[in-house]
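The entries below follow the order in which I looked things up.

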Amino acid sequence: MRYAIVSDIHGNFEAFQAVLGHAARNGGFGNIICLGDVVGYGPDPHECVQLLRKHEHLCVAGNHDLAAVGLVDTSAFNPLAASAVQWTSERLDHGDISYLRGLPLTAVVDGFTLAHGSPREPIWEYITSPWAASQNLKHFETPYCLVGHTHVPVIFRFKGAEESDCVAEPFPGDGLLALATERMIINPGGVGQPRDGDPRAAYAVLDIDAKTLRQFRVEYDIALTQEKMLRAGLAAPLIRRLSFGR
Ligand code: ZN
């Protein structure tokens, strides 16, 4: 089985289409694993939910997904994010809303635990350091865990059970990660709003039979997304950041 792993699509239809097209052309995929935040920030929340639901998939809830359907309140969001949540909530139809409301906080598939933020705090925690990754090790039982939320690709590899045994690594140049016996927490990066300084959409393909996970960066029509955001009246900093991947 090959899975396309996507996270933080954030209503960016052009980026989402681009990564699925890329995955289809490069060996294809059976199912999609989605790590949450399908909506929020971007101009096409409804279209992104629809496109995801057209495929066989497993999706966990992100903070923006739950905020857009009123299940978490936006007091913990910065003002720009909160205004985007409000805008998003007005563009979801009944089907989108009941779909997002029904998303689980965590899921397990083929040896991978899925969570948006972390297995310990699925909605809110950002795993940004080996220390934070270590704290989460006892909160999942599978060999590997996939997270999103930071929009920054990274691999946390555990050489042992001690906090000091965890190292943070970037994806190698060719994106190819062999799934060995070491436990790992892996963040594939963000599809719709990358924040690692590379504006291209990030996603990964998990090949269960080959025991590999490969990350890719894909160009998409950033200008078109920005034009839609401008027309929608979304905030200028949210539009600008897509150009820089920050
Ligand atoms: Zn996000």
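Which residues in helix 1 meet which residues in helix 2? I found that Phe13, Phe16, Gln17 and Leu20 in helix 1 meet Glu47, Cys48, Leu51 and Leu52 in helix 2, where contact means heavy atoms within 4.5 Å. I noted that the residues of this contact divide into 6 nonpolar, 1 polar and 1 charged, with Ala, Val, Leu, Ile, Met, Phe, Trp, Tyr, Cys and Pro counted as nonpolar, Asp, Glu, Lys and Arg as charged, and the others, Gly among them, as polar.

Before going further I wrote down that this is a predicted model, in which local features need pLDDT of at least 70 and side-chain atom pairs count only at pLDDT 80 or more, while totals for chains, interfaces and linings use all residues. I also recorded that residues are numbered from 1 along each chain as its sequence is written, and that side-chain values use heavy atoms, with hydrogens and water left out.

**Helix packing**

I looked up the geometry and found that helix 1 (residues 13–25) and helix 2 (residues 45–53) pack at an angle of about 20 degrees, with their axes 9 Å apart. That makes helix 1 roughly parallel to helix 2. Helices (H or I, at least four residues) and strands (E, at least two) are DSSP runs numbered from the N terminus; axes are lines fitted to C-alpha atoms, for helices over the stretch in contact, and angles run from 0 to 180 degrees between N-to-C directions. Angles under 35 degrees count as roughly parallel, over 145 as roughly antiparallel, 65 to 115 as roughly perpendicular and the rest as oblique.

I then turned to helix 7 (residues 222–232) and helix 8 (residues 236–244), which pack at an angle of about 175 degrees with their axes 9 Å apart. Helix 7 and helix 8 are therefore roughly antiparallel to each other. On the helix 7 side I listed Ile222, Thr225, Gln226, Met229 and Leu230, which meet Leu238, Ile239, Arg240, Leu242 and Ser243 in helix 8. By class, this contact has 6 nonpolar, 3 polar and 1 charged residues.

**Aromatic rings**

I found 3 aromatic pairs in the structure; rings of Phe, Tyr and Trp (its six-membered ring) pair if their centres lie within 6.5 Å, and planes under 30 degrees apart count as stacked, over 60 as edge-to-face and the rest as tilted. The rings of Phe77 and Trp124 have centres 5.9 Å apart and planes at 80 degrees, so the pair is edge-to-face. Because Phe77 lies in the loop between helix 3 (63–68) and helix 4 (79–89) and Trp124 in the loop between strand 5 (112–115) and helix 6 (130–136), the pair ties together parts that are 47 residues apart in sequence. Phe77 counts as buried at 10% relative accessibility, and Trp124 is partly exposed at 34%; buried means under 20% relative accessible area, exposed over 50%, and partly exposed in between (1.4 Å probe, protein chains only).

The rings of Tyr203 and Phe216 have centres 5.5 Å apart and planes at 25 degrees, so I noted this pair as stacked. Tyr203 is in strand 11 (residues 201–207) and Phe216 in strand 12 (residues 212–218), 13 residues apart. Tyr203 counts as buried at 1% relative accessibility.

I also noted that the charged end of Arg183 sits over the ring of Phe140, 4.4 Å from its centre, the rule being that NZ of Lys or CZ of Arg is within 6 Å of the ring centre and within 35 degrees of the ring normal.

**Single residues**

Buried or exposed, where does Arg217 fall? Arg217, which is found in strand 12, counts as buried at 18% relative accessibility. Leaving aside neighbours within four places in sequence, its contacts include Pro153, Pro194, Asp196 and Asp198.

I found a positive phi of about 75 degrees at His149, although it is not a glycine. His149 lies in the loop between strand 6 (144–146) and strand 7 (154–158) and counts as buried at 2% relative accessibility. Lys211 likewise is not a glycine and has a positive phi, of about 55 degrees; Lys211 lies in the loop between strand 11 and strand 12 and counts as exposed at 52% relative accessibility.

My last entry is Leu177, found in strand 9 (residues 176–178) and buried at 3% relative accessibility. Leaving aside neighbours within four places in sequence, Leu177 is in contact with residues including Ile155, Phe171, Met184 and Lys211.
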